[in-house]
Amino acid sequence: MLGIGLLALVVLAGGLLGRPGPAPVLRLVWAFSPASNTVTVRVTHPAGTSGQQVLARSRLVVSADGGGQPERWSAAVAMVRMPVPPGRRTSLLIRLTGPQPLTRTVTVAVPPPLRLVASRGASGRWLVDTSSPLRPPATRVLCGTDQVSLAAPSQVALSDGGTACRARLQLTAQDGEQAFVPVMIPALPQASRPAVDRLYCFASPAGGAVYITIDDGWTPSAQVLAIMRRTHVPVTAFLIQKAAQENLGYWRAFAAAGGLIADHTFSHPNLTRLPLRRATAQWAKDRAALGRWFGQTPDLGRPPYGAFNRRVEVAAARGRLLALAGWSATMSGDTVRTWDGKPLRAGEIVILHWVPGLGGQFAALLAQISALHLHPAPLTLASFAGIAPQQRSFGGD
């Protein structure tokens, strides 16, 4: 009896081991790419030899509106990629035949194609209008020198390098549609391309205006931002690209609170010690990055350390800046020190730095401005109208 029982167990075990396990489960997944207007269909399966064997005996067929052609694939390439027309809805019939047949129907709504609507010259720039809102351009420079920036949601601006240029501009719409647009940038008249006119250490005194500027950007201040939100006091931040990039969220909140963003170079070198080409790149790289991040490309710059000469001026003009700002007053602790040692007056430009303790300095400066019956004003190109430029800065960092 014992021998018969053992034999029965062996036969039962053998029967269990001989039964096939559950078949591997195949899945159909798909994704649409607006950049190329294609739908990619893939077949996935659990890891293991059995799943691969099932795939090897299968065939994938994708038809668009019933008119597509079947495509065969191997187990190593379990995918079909099919183009779909832009500007319409396309129905796809996906069928997997073989040991585990599957059928699925999907509808893909493809955005309309991105088109160039118009292009024209304006204020020393070439403007390209498009049919849809855009993402910031991936291409930063065309023809070697022409800076590319987003001037409006559906408009790209290309700075004019002074010579005619033919190029292909890569554009991406907010919905992901992509286009390569051929553009012809003519050589605009020289008179329409403004240049930097020296360095301004003072600005318009109209209305008792004084101008608060804060340099670098390494240590953002929550206190400064809170005061700006509460009082709407205008502040201009001259940002180094490397510093701004570390805290983009803060600087976007700063701009939303009314703060102005200006160019303080890519990495804060003494520009008077650089060759013209490298000095130009310092201005241009920072200006382009700030324009991409904050939606408005700066026209105003400040040379690091206040170091200024003719080469710095030419480099700023070639980097597409329109004016350079120095300063006439600094903060020493909680005390304002002006260039001539006298009390702060209308038209003065005050410099601070984004460092620990800035919040207290900022509050002290505002109290002194109020006590002198002066008023903080935004520093813009218009602030220098009728003001004589300086030949040099008052120094600093």
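Trainee: So two strands pair if DSSP finds at least two bridges between them; over how many bridges do β3 and β5 pair in this one?

Mentor: Keep in mind that this is a predicted model. In it, β3 and strand β5, which covers residues 89–97, pair in the antiparallel sense over six bridges, and V62 stands opposite I94 in β5.

Trainee: Which strands make up that sheet, and in what order?

Mentor: It is an open sheet of three strands in the order β3-β5-β6, with antiparallel pairing. The edge strands are β3 (59–64) and β6 (102–109), each of which pairs on one side only, and from one strand to the next the twist averages 20 degrees.

Trainee: Is R59 buried or partly exposed?

Mentor: R59, which has its place in strand β3, is partly exposed, because its relative accessible area is 31% and buried would mean under 20%. The C-alpha atoms of R59 and P99 are separated by 9.9 Å, although these two residues are 40 apart along the chain.

Trainee: Stepping back, how many helices and strands does the protein chain have?

Mentor: The protein chain has eight helices and 23 strands. Of its 397 residues, buried ones make up 46%, and among the contacts with a separation of 6 or more, 64% come from residues 24 or more positions apart.

Trainee: Let's look at α8, then; where does it lie, and what does it pack against?

Mentor: Helix α8 spans residues 358–371, and its 14 residues reach 20 Å from the first C-alpha to the last, close to the 20 Å expected at 1.5 Å a residue. Its buried residues include L358, F362, L365 and I369, and the buried residues of α8 pack against a set of elements that includes α3 (222–231), β15 (209–216) and β20 (329–332). After α8 comes H373, whose phi is positive, near 60 degrees.

Trainee: You mentioned β20; which of its residues are on the covered face?

Mentor: A329 and M331 form the covered face of β20, whereas T330 and S332 form the uncovered one. In a regular strand the side chains alternate between the two faces of the sheet.

Trainee: And which strands are joined to β20 by bridges?

Mentor: β20 is joined to β21 by four bridges, and those two strands run antiparallel, with T338 in β21 as the bridge partner of A329. Their hairpin has two residues between the strands, and G333 there takes a positive phi near 65 degrees. Two bridges join β20 to β22, which run parallel, and T330 stands opposite I351 in β22.

Trainee: Back to helices: at what angle do α3 and α5 pack?

Mentor: α3 and helix α5 (residues 248–256) pack at an angle of about 20 degrees, with their axes 10 Å apart. That makes α3 roughly parallel to α5, because angles under 35 degrees count that way. The contact is made by A222, V224, L225, M228 and R229 of α3 together with Y250, A253 and F254 of α5, and α3 passes α5 in a left-handed crossing.

Trainee: Last one: where in the hairpin of β12 and β13 is the positive phi?

Mentor: That hairpin has five residues between the strands, and G176 is the one with a positive phi, near 100 degrees. Strand β12 (residues 165–172) and strand β13 (residues 178–185) pair in the antiparallel sense over eight bridges, and L171 stands opposite A179 in β13.

Notes: Residues are numbered from 1 along each chain as its sequence is written. This is a predicted model: local features need pLDDT of at least 70, side-chain atom pairs count only at pLDDT 80 or more; totals for chains, interfaces and linings use all residues. Side-chain values use heavy atoms; hydrogens and water are left out. The expected span of a helix is 1.5 Å times one less than its number of residues. Buried means under 20% relative accessible area, exposed over 50%, partly exposed in between (1.4 Å probe, protein chains only). Contact means heavy atoms within 4.5 Å. Two strands pair if DSSP finds at least two bridges between them. Axes are lines fitted to C-alpha atoms, for helices over the stretch in contact, and angles run from 0 to 180 degrees between N-to-C directions. Angles under 35 degrees count as roughly parallel, over 145 as roughly antiparallel, 65 to 115 as roughly perpendicular and the rest as oblique. A crossing is left-handed if the near helix is turned anticlockwise from the far one by less than a right angle, and right-handed if clockwise.
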